[in-house]
Amino acid sequence: MAVAIVRLRSLFAVVMLSGIYSLIAAAIFVQLDAVDVAFTEAAVGAGISTVLMLGTLALTTNHEKIPHYTPYLPLVLVVLTGAALFYGTLDMPYFGDPNAPIHQHVAPHYLELSPQEIGIKNIVTNILASYRGYDTLGEVTVIFTAGVGVLALLGGRRRKRQRSEDMDKSVGGGMF
Amino acid sequence: MEGFDIKTVLGLYNYWIVIVLAMAGFYIVISRANLVKKIVGLNVFQTSVFLFYITMAKVDGGTAPIIEKAYEVYSNPLPHVLILTAIVVGVATTALGLGLVVRINDAYGTIEEDEINAQDQAE
């Protein structure tokens, strides 16, 4: 899938593939017990992202031009980075190991006490809204900033187009 | 380094998938000139990182971290929370990036990086 995204030149197909990729990722998340994450990925990653990208394609162009050089340097760089990361995984705890360090710190506390402390059965909700509430506040701030940014970028665009349309009209009026 | 027995391979297989996906996304970002494709590449990379976190959260024989009497073992909920936040932030940044692409297309009439560079050089 990812290789197809690399190779394909039609941006429409690329965007569709990335949507499918997100959906498959969501299915994998369900398989790995992360149901909340899967919901979000399916709705936001596969849904909203795809719509946003299709909108961009509608406003710009649908076809990627063929580059006139062969990208050997990036390929070498990627292979080197991949090899380094691969070496890094050799020390990782195995998949599903209950004794991995990640499961020893605060997670047991959350699992055992958060139903009493917060009173909601879904622990992900407990942590998201309560223990890590500041994270969520920061997230909202980021979304707000991004929204303002997009408005600032695209709002001016609409005004400019309107102005040029007005000018077209006035020019047209002058001519006839 | 101890030899690659089947246990090692199965235990680390998910991480390797993550690395392949991440490198595919990385390659798209640094080798393609098209700006929309770069953003798709970033998304691929991003999803691979999500997969990495969720992989670490999985516990053998565990189930989704929703307290129910019938279950004893749950997966680690903390990475789930972090990734939940990251997905939404990721979409926000994607939206901003695509907004920039639209503006660049307005200003230069193209979304190919080398053509934009050429126009900048010409000025």
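A salt bridge is taken here as a side-chain nitrogen of Lys or Arg within 4 Å of a carboxyl oxygen of Asp or Glu. The model is predicted, so local features need pLDDT of at least 70 and side-chain atom pairs count only at pLDDT 80 or more, whereas totals for chains, interfaces and linings use all residues. Residues are numbered from 1 along each chain as its sequence is written, chains are lettered from A in the order in which they are written, and side-chain values use heavy atoms, with hydrogens and water left out.

Across the interface of chain B and chain A, one salt bridge is found under this rule. Asp33(A) is bridged to Lys58(B), with 3.0 Å between the closest N and O atoms. The elements giving two or more residues to the side of chain B that touches chain A are α1 (6-31), α2 (35-57), α3 (77-108) and α4 (113-122) of chain B; helices are DSSP runs (H or I, at least four residues), numbered from the N terminus. The largest share of that side, 25 residues, comes from α3(B). By class, the side of chain B that touches chain A has 49 nonpolar, 19 polar and eleven charged residues, where Ala, Val, Leu, Ile, Met, Phe, Trp, Tyr, Cys and Pro count as nonpolar, Asp, Glu, Lys and Arg as charged, and the others, Gly among them, as polar.

Contact (heavy atoms within 4.5 Å) takes in 79 residues of chain B and 80 residues of chain A. The area buried between the two chains is about 7,400 Å², 75% of it from carbon and sulfur atoms; buried area is the accessible area (1.4 Å probe) that two parts lose on being put together, summed over both.

Thr40(A) lies in helix α3 (residues 35-59) of chain A. Leaving aside neighbours within four places in sequence, Thr40(A) is in contact with Gly45(A), Leu84(B), Ile87(B) and Val88(B). Thr40(A) counts as buried because its relative accessibility is 16%, the class being set at under 20% relative accessible area, with exposed over 50% and partly exposed in between (1.4 Å probe, protein chains only).

Four aromatic pairs are present over all chains; rings of Phe, Tyr and Trp (its six-membered ring) pair if their centres lie within 6.5 Å, and planes under 30 degrees apart count as stacked, over 60 as edge-to-face and the rest as tilted. Phe86(A) and Trp16(B) form a tilted pair, at 5.0 Å centre to centre and 35° between the planes. This pair crosses between chains, from helix α4 (residues 72-89) of chain A to helix α1 of chain B.
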